Amino acid sequence: MFGMSDPTQTLLQLENYVKDGRLEISEVMATQFTDMYLSNKKQTQLEQILLIRGLQILCDVLLIRGKNKLAVASAKTLLRERNRLPKECDQSALGPHYTDLNRHARSLIANGKKRTAKRAFVKIHKLSGGCLLSSLEAVVAYPSDTKLCRIFADCVSNSGPVIRSGENFCLIPEGLRSVDAQKVINGLQAILPVIGEVGQNEIVRIQNQIEAIKNGEMAANARLQSALDSLAPKHSYYEYS
């Protein structure tokens with residue numbers, strides 16, 4: 001069964017297959033991997049973590065391959081198994097809980113389940129403390145939904161300054177995933193009929209900060225620069241000499 005004797009190595013192989021675009025074999029392997037663990041009702045915590053990681057990969061692959069009904073089923077199983085993990089268990093290898101709820105929301109979008117997808121996105125917002133990426137995905141799917149548009153606008157305004165990473169400009173809310181600044185602008189432009197001036201002001205802010213960074217008028221990472229400045233001595237040594 002594709003070398004399942006070493007499950008950790010199998011997961012690494014699966015992740016590499018997905019990166020390489022070998023999606024068909026990834027789906028087959030992930031399905032066999034997760035079925036193997038799901039058939040075992042008495043799992044250790046490590047086995048449960050391995051199962052959850054396998055389900056994450058399976059759900060992602062099914063969505064990419066357009067197998068939307070199977071993706072919904074795998075996402076539901078993923079959430080069920082994730083909820084079975086004790087809260088005190090180290091879950092760092094799995095990412096934040098809300099990212100699995102995001103997988104579920106994306107599978108619901110793919111199946112045209114707006115009401116349930118909307119509930120999922122609202123819950124993600126609360127659990128994550130304002131995930132900009134998830135709120136962007138929500139308005140891309142439902143650009144006329146007032147509640148989701150307002151959530152996205154709030155996430156943008158709370159995301160902090162534009163940050164330059166290599167040649168890319170992005171917004172990175174504290175402790176959350178980064179989002180390409182142009183994609184944020186595009187999302188705001190799409191929902192201007194709903195949020196009006198608030199959205200336009202954020203577009204101008206982001207565009208101005210990008211230009212300021214390009215022109216050297218603003219630090220490439222203003223948040224980091226501010227933290228460094230706060231550590232600098234308030235007085236010069238020579239003032240006391």
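This report looks at the overall build of a predicted model and then at its salt bridges.

## Overall build

The protein has 241 residues, and 41% of them count as buried. Its secondary structure consists of twelve helices and three strands, and the C-alpha trace spans about 70 × 55 × 35 Å along the principal axes.

## Charges

On the charge side, there are 31 positive and 24 negative side chains, and the centres of these two sets lie 10 Å apart. Side chains of opposite charge can pair when their charged atoms come close. In this protein the count comes to 14 salt bridges.

## A network and two further pairs

Arg106 and Asp60 meet in a salt bridge, at 3.8 Å from N to O. This pair links distant parts of the chain, 46 residues apart: Arg106 sits in helix α5 and Asp60 in helix α3. Arg106 is partly exposed, at 27% relative accessible area, and Asp60 is partly exposed too, at 22%. Both belong to a network of salt bridges that also includes Arg82, Asp100 and Arg103.

Asp145 pairs with Lys114, their closest N and O atoms being 3.9 Å apart. Here the loop between α7 and α8, which holds Asp145, is linked to helix α6, which holds Lys114. Asp145 counts as buried at 8% relative accessibility, while Lys114 is partly exposed at 37%. Glu81 and Arg84 form another salt bridge, at 3.1 Å; Glu81 is buried at 3%, whereas Arg84 is exposed at 55%.

Note on methods:
Residues numbered from 1 in each chain as written. Predicted model: local features only at pLDDT ≥ 70, side-chain atom pairs only at ≥ 80, totals over all residues. Heavy atoms only, no water. Helix = DSSP H or I, 4+ residues; strand = E, 2+ residues; numbered from the N terminus. Buried < 20%, exposed > 50% of the residue type's maximum accessible area, 1.4 Å probe, protein only. Lys, Arg positive; Asp, Glu negative; His and termini not counted. Charge placed at Lys NZ, Arg CZ, Asp CG, Glu CD. Salt bridge = Lys/Arg side-chain N within 4 Å of Asp/Glu carboxyl O.
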